[in-house]
Amino acid sequence: MGASSLALASAAKAGGLPLLETQRCAYGASPADLPSPMVAAKEVANLLTVPVHINGQGPYRFVVDTGADRTVLAAEVAVELGLVHGARVLLNGVVQSRIADTVSIRHLAFGSSASGNFSVPTIPRSLLDADGYLGLDFLDGHRVTFDFKGGLLQVSDSRPKFSADWTRPSEARIHTFGSSGHLRSLDCRVDGVSTAAFVDSGAEVSAANAPLLAALSRRNPSFGVVGDMELIDITGGQIQGKVAMVKQIRLPGLAFDDCPLVIANFQVFKAWGLTRSPALLLGMNVLRQFSRVSIDYRLKELRFDLASSSAGNAFRDSTA
(Lines give C-alpha, C1' and ligand atoms only; values in the text may rest on other atoms or scores of the structure.)
Protein backbone atom coordinates (compact mmCIF):
# COMPACT_ATOMS: atom_id res chain seq x y z
CA MET A 1 0.00 0.00 0.00
CA GLY A 2 1.19 3.49 -0.69
CA ALA A 3 -0.56 5.98 1.56
CA SER A 4 -2.87 5.17 4.37
CA SER A 5 -4.29 8.18 6.27
CA LEU A 6 -8.01 7.97 6.90
CA ALA A 7 -9.32 9.50 10.12
CA LEU A 8 -10.60 6.33 11.61
CA ALA A 9 -11.61 6.57 15.33
CA SER A 10 -11.25 4.44 18.42
CA ALA A 11 -11.11 3.09 21.75
CA ALA A 12 -10.99 2.14 25.47
CA LYS A 13 -12.31 0.93 29.10
CA ALA A 14 -13.23 -2.26 31.01
CA GLY A 15 -13.54 -3.62 34.50
CA GLY A 16 -12.59 -6.46 36.78
CA LEU A 17 -9.88 -7.96 34.58
CA PRO A 18 -6.75 -9.11 36.46
CA LEU A 19 -3.47 -7.60 35.32
CA LEU A 20 -5.25 -5.40 32.81
CA GLU A 21 -5.41 -1.64 32.46
CA THR A 22 -8.84 -0.75 31.12
CA GLN A 23 -10.37 2.31 29.53
CA ARG A 24 -13.42 3.61 27.68
CA CYS A 25 -13.32 4.41 23.99
CA ALA A 26 -12.42 7.99 23.14
CA TYR A 27 -15.63 8.67 21.24
CA GLY A 28 -17.92 7.22 23.88
CA ALA A 29 -20.51 4.52 23.50
CA SER A 30 -23.07 5.87 21.09
CA PRO A 31 -23.08 6.73 17.38
CA ALA A 32 -23.87 10.33 18.32
CA ASP A 33 -20.39 10.60 19.82
CA LEU A 34 -18.67 9.68 16.54
CA PRO A 35 -17.08 12.30 14.27
CA SER A 36 -19.35 13.82 11.64
CA PRO A 37 -19.22 12.49 8.05
CA MET A 38 -16.37 13.70 5.82
CA VAL A 39 -14.21 14.60 8.83
CA ALA A 40 -11.86 11.80 7.84
CA ALA A 41 -8.69 13.10 6.24
CA LYS A 42 -9.16 16.57 7.69
CA GLU A 43 -7.99 15.69 11.20
CA VAL A 44 -4.31 15.47 10.30
CA ALA A 45 -3.73 18.68 12.25
CA ASN A 46 -4.26 16.58 15.40
CA LEU A 47 -1.43 14.21 14.47
CA LEU A 48 2.10 14.60 15.74
CA THR A 49 4.66 15.35 13.04
CA VAL A 50 8.40 14.94 12.62
CA PRO A 51 10.71 17.52 10.96
CA VAL A 52 12.21 16.21 7.73
CA HIS A 53 15.00 17.70 5.60
CA ILE A 54 15.03 17.05 1.86
CA ASN A 55 18.22 17.59 -0.12
CA GLY A 56 19.43 19.77 2.75
CA GLN A 57 16.34 21.99 2.70
CA GLY A 58 13.65 22.25 5.34
CA PRO A 59 12.54 21.28 7.84
CA TYR A 60 9.25 20.04 6.40
CA ARG A 61 6.35 18.75 8.48
CA PHE A 62 5.76 15.03 7.92
CA VAL A 63 3.14 12.79 9.49
CA VAL A 64 4.41 9.34 10.50
CA ASP A 65 2.04 6.81 8.93
CA THR A 66 2.60 3.29 10.27
CA GLY A 67 -0.10 1.89 7.98
CA ALA A 68 1.40 3.09 4.67
CA ASP A 69 3.99 1.17 2.70
CA ARG A 70 5.35 4.19 0.81
CA THR A 71 6.47 7.66 1.81
CA VAL A 72 4.49 10.44 0.08
CA LEU A 73 5.46 14.06 -0.60
CA ALA A 74 3.23 17.10 -1.13
CA ALA A 75 3.36 18.14 -4.80
CA GLU A 76 3.90 21.78 -3.78
CA VAL A 77 7.07 20.83 -1.87
CA ALA A 78 8.37 18.98 -4.91
CA VAL A 79 7.86 22.11 -7.04
CA GLU A 80 9.45 24.34 -4.40
CA LEU A 81 12.56 22.13 -4.34
CA GLY A 82 12.68 21.71 -8.11
CA LEU A 83 12.72 17.91 -7.85
CA VAL A 84 13.06 15.89 -11.05
CA HIS A 85 9.97 13.98 -12.11
CA GLY A 86 10.11 10.24 -12.69
CA ALA A 87 7.69 7.55 -13.81
CA ARG A 88 4.05 7.62 -12.80
CA VAL A 89 2.98 4.92 -10.34
CA LEU A 90 -0.20 3.43 -8.91
CA LEU A 91 -0.57 4.69 -5.33
CA ASN A 92 -2.84 2.67 -3.06
CA GLY A 93 -4.74 4.47 -0.32
CA VAL A 94 -6.99 3.14 2.41
CA VAL A 95 -10.02 3.60 0.15
CA GLN A 96 -8.84 3.74 -3.47
CA SER A 97 -5.86 3.67 -5.82
CA ARG A 98 -4.81 6.59 -7.99
CA ILE A 99 -2.08 7.30 -10.53
CA ALA A 100 0.54 9.61 -9.01
CA ASP A 101 3.63 11.38 -10.29
CA THR A 102 6.94 10.57 -8.62
CA VAL A 103 9.98 12.73 -7.95
CA SER A 104 13.58 11.83 -7.22
CA ILE A 105 15.14 12.72 -3.86
CA ARG A 106 18.90 12.69 -3.35
CA HIS A 107 18.82 12.83 0.44
CA LEU A 108 16.10 12.68 3.10
CA ALA A 109 16.88 12.99 6.82
CA PHE A 110 14.61 12.65 9.84
CA GLY A 111 15.45 11.95 13.46
CA SER A 112 18.74 10.07 13.56
CA SER A 113 18.11 8.45 10.17
CA ALA A 114 18.83 9.36 6.57
CA SER A 115 18.28 7.77 3.17
CA GLY A 116 19.15 8.78 -0.36
CA ASN A 117 18.60 8.29 -4.07
CA PHE A 118 14.99 7.16 -4.19
CA SER A 119 11.67 8.23 -5.67
CA VAL A 120 8.43 9.11 -3.87
CA PRO A 121 4.88 9.66 -5.14
CA THR A 122 3.43 13.16 -4.86
CA ILE A 123 -0.08 14.23 -3.82
CA PRO A 124 -1.52 17.75 -3.51
CA ARG A 125 -0.98 19.27 -0.07
CA SER A 126 -4.72 19.95 0.15
CA LEU A 127 -5.27 16.19 0.50
CA LEU A 128 -2.35 15.60 2.87
CA ASP A 129 -2.77 18.62 5.16
CA ALA A 130 0.98 18.19 5.71
CA ASP A 131 4.22 18.41 3.73
CA GLY A 132 4.39 14.64 3.46
CA TYR A 133 3.89 11.25 5.09
CA LEU A 134 6.69 8.94 6.20
CA GLY A 135 5.76 5.34 5.38
CA LEU A 136 7.10 1.93 6.26
CA ASP A 137 9.71 2.09 3.50
CA PHE A 138 11.65 4.37 5.91
CA LEU A 139 10.25 3.40 9.30
CA ASP A 140 10.99 -0.32 9.08
CA GLY A 141 13.98 -1.20 11.27
CA HIS A 142 13.55 1.90 13.44
CA ARG A 143 11.70 2.78 16.62
CA VAL A 144 8.82 5.27 16.50
CA THR A 145 7.74 6.89 19.77
CA PHE A 146 4.55 8.93 20.13
CA ASP A 147 4.93 11.02 23.29
CA PHE A 148 1.43 12.38 23.69
CA LYS A 149 2.08 13.80 27.16
CA GLY A 150 5.05 15.81 25.90
CA GLY A 151 3.59 16.47 22.46
CA LEU A 152 6.62 14.95 20.74
CA LEU A 153 7.19 12.42 17.98
CA GLN A 154 10.54 10.67 17.66
CA VAL A 155 11.99 8.34 15.01
CA SER A 156 15.16 6.73 16.35
CA ASP A 157 17.30 3.62 16.26
CA SER A 158 15.82 0.42 17.63
CA ARG A 159 16.43 -0.47 21.28
CA PRO A 160 19.65 -2.41 21.95
CA LYS A 161 18.94 -6.10 22.48
CA PHE A 162 20.40 -6.08 26.00
CA SER A 163 17.70 -3.65 27.16
CA ALA A 164 14.82 -5.14 25.18
CA ASP A 165 13.50 -7.25 28.05
CA TRP A 166 13.42 -4.35 30.50
CA THR A 167 9.91 -2.95 30.99
CA ARG A 168 8.81 0.05 33.05
CA PRO A 169 6.33 -0.70 35.85
CA SER A 170 3.77 1.40 33.99
CA GLU A 171 4.31 -0.21 30.57
CA ALA A 172 2.32 -2.84 28.72
CA ARG A 173 4.54 -4.70 26.24
CA ILE A 174 2.97 -6.51 23.28
CA HIS A 175 4.94 -8.84 21.02
CA THR A 176 4.13 -8.75 17.30
CA PHE A 177 5.18 -10.54 14.14
CA GLY A 178 5.42 -9.64 10.47
CA SER A 179 7.87 -8.37 7.86
CA SER A 180 8.49 -5.16 5.90
CA GLY A 181 7.02 -3.17 8.78
CA HIS A 182 3.68 -5.02 8.74
CA LEU A 183 3.69 -5.76 12.46
CA ARG A 184 0.55 -7.29 13.91
CA SER A 185 -0.54 -8.86 17.15
CA LEU A 186 -2.43 -12.15 17.11
CA ASP A 187 -3.12 -11.87 20.85
CA CYS A 188 -6.13 -9.63 20.31
CA ARG A 189 -9.73 -10.56 21.00
CA VAL A 190 -12.74 -8.46 20.02
CA ASP A 191 -15.79 -9.54 22.04
CA GLY A 192 -14.13 -12.93 22.30
CA VAL A 193 -13.27 -13.23 18.58
CA SER A 194 -9.58 -13.91 17.86
CA THR A 195 -8.42 -10.98 15.71
CA ALA A 196 -5.19 -9.79 14.07
CA ALA A 197 -4.56 -6.19 15.15
CA PHE A 198 -2.17 -3.54 13.86
CA VAL A 199 -1.49 0.15 14.57
CA ASP A 200 -2.12 2.74 11.86
CA SER A 201 -0.93 6.16 13.06
CA GLY A 202 -2.27 7.79 9.90
CA ALA A 203 -5.83 6.85 10.85
CA GLU A 204 -8.01 8.90 13.17
CA VAL A 205 -10.58 6.19 13.89
CA SER A 206 -10.37 2.43 14.38
CA ALA A 207 -11.57 0.11 11.67
CA ALA A 208 -12.52 -3.55 11.24
CA ASN A 209 -12.86 -5.73 8.17
CA ALA A 210 -15.93 -7.63 6.98
CA PRO A 211 -14.78 -11.04 8.35
CA LEU A 212 -14.63 -9.56 11.85
CA LEU A 213 -18.17 -8.20 11.48
CA ALA A 214 -19.37 -11.60 10.27
CA ALA A 215 -17.66 -13.42 13.15
CA LEU A 216 -19.16 -11.05 15.71
CA SER A 217 -22.61 -11.50 14.19
CA ARG A 218 -22.31 -15.30 14.37
CA ARG A 219 -21.14 -15.16 17.95
CA ASN A 220 -23.88 -12.77 19.07
CA PRO A 221 -27.14 -12.77 17.05
CA SER A 222 -28.10 -9.40 18.57
CA PHE A 223 -24.89 -7.77 17.33
CA GLY A 224 -25.43 -5.38 14.46
CA VAL A 225 -24.63 -2.12 12.73
CA VAL A 226 -25.71 1.06 14.54
CA GLY A 227 -24.96 3.66 11.87
CA ASP A 228 -23.05 4.74 8.79
CA MET A 229 -20.05 7.00 8.25
CA GLU A 230 -18.54 8.43 5.08
CA LEU A 231 -14.75 8.53 5.05
CA ILE A 232 -12.09 10.08 2.83
CA ASP A 233 -8.44 9.04 2.47
CA ILE A 234 -5.49 11.14 1.34
CA THR A 235 -5.87 10.00 -2.27
CA GLY A 236 -9.29 11.66 -2.27
CA GLY A 237 -11.09 8.33 -2.26
CA GLN A 238 -14.42 8.09 -0.44
CA ILE A 239 -16.15 5.10 1.09
CA GLN A 240 -19.30 4.49 3.10
CA GLY A 241 -18.50 2.52 6.24
CA LYS A 242 -20.78 0.84 8.73
CA VAL A 243 -20.42 1.72 12.41
CA ALA A 244 -20.70 -1.12 14.93
CA MET A 245 -20.23 -1.06 18.69
CA VAL A 246 -18.15 -3.76 20.38
CA LYS A 247 -18.15 -4.35 24.12
CA GLN A 248 -14.46 -5.06 24.51
CA ILE A 249 -11.15 -5.09 22.62
CA ARG A 250 -8.55 -7.01 24.59
CA LEU A 251 -4.77 -7.10 24.13
CA PRO A 252 -2.12 -8.49 26.51
CA GLY A 253 -2.26 -6.19 29.54
CA LEU A 254 -4.88 -3.86 28.04
CA ALA A 255 -8.62 -3.81 27.53
CA PHE A 256 -10.90 -1.25 25.85
CA ASP A 257 -14.67 -1.17 26.43
CA ASP A 258 -17.60 0.21 24.44
CA CYS A 259 -15.71 0.75 21.21
CA PRO A 260 -17.15 2.08 17.94
CA LEU A 261 -15.54 0.50 14.87
CA VAL A 262 -15.92 1.55 11.25
CA ILE A 263 -16.34 -1.49 9.00
CA ALA A 264 -15.78 -1.45 5.23
CA ASN A 265 -13.68 -3.09 2.51
CA PHE A 266 -10.69 -0.84 3.13
CA GLN A 267 -7.73 -1.47 0.82
CA VAL A 268 -5.36 -1.28 3.78
CA PHE A 269 -6.55 -4.74 4.87
CA LYS A 270 -5.76 -6.10 1.40
CA ALA A 271 -2.30 -4.52 1.49
CA TRP A 272 -1.63 -6.20 4.82
CA GLY A 273 -2.97 -9.57 3.64
CA LEU A 274 -5.88 -9.40 6.10
CA THR A 275 -9.00 -9.79 3.98
CA ARG A 276 -10.01 -13.38 4.78
CA SER A 277 -9.83 -13.46 8.58
CA PRO A 278 -10.92 -11.03 11.33
CA ALA A 279 -8.66 -7.98 11.48
CA LEU A 280 -8.61 -4.70 13.40
CA LEU A 281 -6.88 -1.40 12.67
CA LEU A 282 -6.09 0.65 15.79
CA GLY A 283 -6.14 4.35 15.00
CA MET A 284 -4.84 7.43 16.76
CA ASN A 285 -7.82 7.81 19.07
CA VAL A 286 -6.72 4.59 20.76
CA LEU A 287 -3.09 5.63 20.94
CA ARG A 288 -3.93 9.03 22.43
CA GLN A 289 -5.37 7.33 25.52
CA PHE A 290 -1.79 6.72 26.67
CA SER A 291 0.98 9.08 27.66
CA ARG A 292 3.39 7.30 25.31
CA VAL A 293 3.25 4.59 22.64
CA SER A 294 6.25 3.12 20.87
CA ILE A 295 6.63 0.75 17.94
CA ASP A 296 9.99 -0.99 17.58
CA TYR A 297 10.16 -2.49 14.10
CA ARG A 298 13.43 -4.37 14.58
CA LEU A 299 12.41 -5.91 17.92
CA LYS A 300 8.82 -6.35 16.67
CA GLU A 301 7.08 -5.02 19.75
CA LEU A 302 4.58 -2.39 20.88
CA ARG A 303 4.80 -0.58 24.22
CA PHE A 304 2.01 1.41 25.87
CA ASP A 305 2.99 3.67 28.76
CA LEU A 306 0.09 4.18 31.16
CA ALA A 307 1.79 6.60 33.56
CA SER A 308 0.15 10.03 33.93
CA SER A 309 -2.29 9.31 31.12
CA SER A 310 -6.03 8.92 30.80
CA ALA A 311 -5.48 5.15 30.95
CA GLY A 312 -5.59 5.25 34.73
CA ASN A 313 -3.23 3.89 37.35
CA ALA A 314 0.29 2.64 36.60
CA PHE A 315 0.29 -1.02 35.71
CA ARG A 316 2.60 -3.84 34.71
CA ASP A 317 1.54 -7.01 32.91
CA SER A 318 3.47 -9.80 34.63
CA THR A 319 3.01 -12.07 31.60
CA ALA A 320 4.90 -9.72 29.24
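The model is a predicted one, with local features taken at pLDDT of at least 70, side-chain atom pairs counted only at pLDDT 80 or more, and totals for chains, interfaces and linings using all residues. Residues are numbered from 1 along each chain as its sequence is written, and side-chain values rest on heavy atoms, with hydrogens and water left out.

The secondary structure comes to six helices and 21 strands; both are DSSP runs numbered from the N terminus, helices being H or I with at least four residues and strands E with at least two. Of the 320 residues in the chain, 58% are buried. Here buried means under 20% relative accessible area, exposed means over 50%, and partly exposed is what lies in between, using a 1.4 Å probe and protein chains only. As for contacts (heavy atoms within 4.5 Å), 68% of those between residues at least 6 apart in sequence join residues at least 24 apart.

Strand S10 (residues 142-147) pairs with S11 in the antiparallel sense over six bridges, and Phe 146 has Leu 153 in S11 as its bridge partner. Four residues sit between the strands of this hairpin, in which Gly 151 takes a positive phi near 70°. S10 also pairs with S20, again antiparallel, this time over five bridges; in that pairing Arg 143 stands opposite Asp 296. S20 (residues 292-296) is mostly covered, with four of its five residues buried. S20 in turn pairs in the antiparallel sense with S21 (residues 301-305) over five bridges, and Val 293 finds its bridge partner in Phe 304 of S21. The hairpin of S20 and S21 has four residues between the strands, and Lys 300 takes a positive phi near 60° there.

Arg 159 ties into this part of the chain. Its place is in the loop between strand S11 (152-157) and strand S12 (171-175), and Arg 159 counts as buried because its relative accessibility is 10%. Leaving aside neighbours within four places in sequence, Arg 159 is in contact with Arg 143, Trp 166, Arg 168, Glu 171, Asp 296, Arg 298, Leu 299, Glu 301 and Arg 303. Arg 159 and Tyr 297 are 138 residues apart in sequence, yet their C-alpha atoms are 9.7 Å apart in space.

Then there is the core. A nonpolar core is a set of buried Ala, Val, Leu, Ile, Met, Phe, Trp, Tyr and Cys residues joined through side-chain atoms within 4.5 Å. The largest has 89 residues, and Leu 73 and Leu 134 have the most contacts inside it. Beyond its neighbours within four places in sequence, Leu 134 is in contact with residues including Val 50, Val 52, Phe 62, Leu 108 and Phe 110.

What about empty space? Rolling a probe the size of a water molecule over the atoms shows where it is left. A cavity is a set of points, on a 1 Å grid over the protein atoms alone, where a 1.4 Å probe fits but cannot get out, and lining residues have an atom within 4 Å of a point. Grid points are joined across faces, edges and corners, and a volume is the space filled by probe spheres set on the points. The whole structure holds two cavities of 30 Å³ or more. The largest has about 50 Å³ of space, and its lining includes Thr 66, Trp 272, Ile 295 and Tyr 297.

A cis peptide bond joins Gly 58 and Pro 59, with omega about 10°, and Pro 59 lies in strand S3 (residues 57-64). Asn 117 has a positive phi of about 55° although it is not a glycine; this residue sits in strand S8 (residues 113-123) and counts as exposed because its relative accessibility is 70%. Asp 258, in strand S18 (residues 254-263), also has a positive phi, near 55°, but counts as partly exposed at 24% relative accessibility.

Methods
1 Å grid on protein atoms, 1.4 Å probe; cavity = no way out; pocket = protein on both sides within 12 Å on 5 of 7 lines; lining within 4 Å. Pairing = 2+ DSSP bridges.
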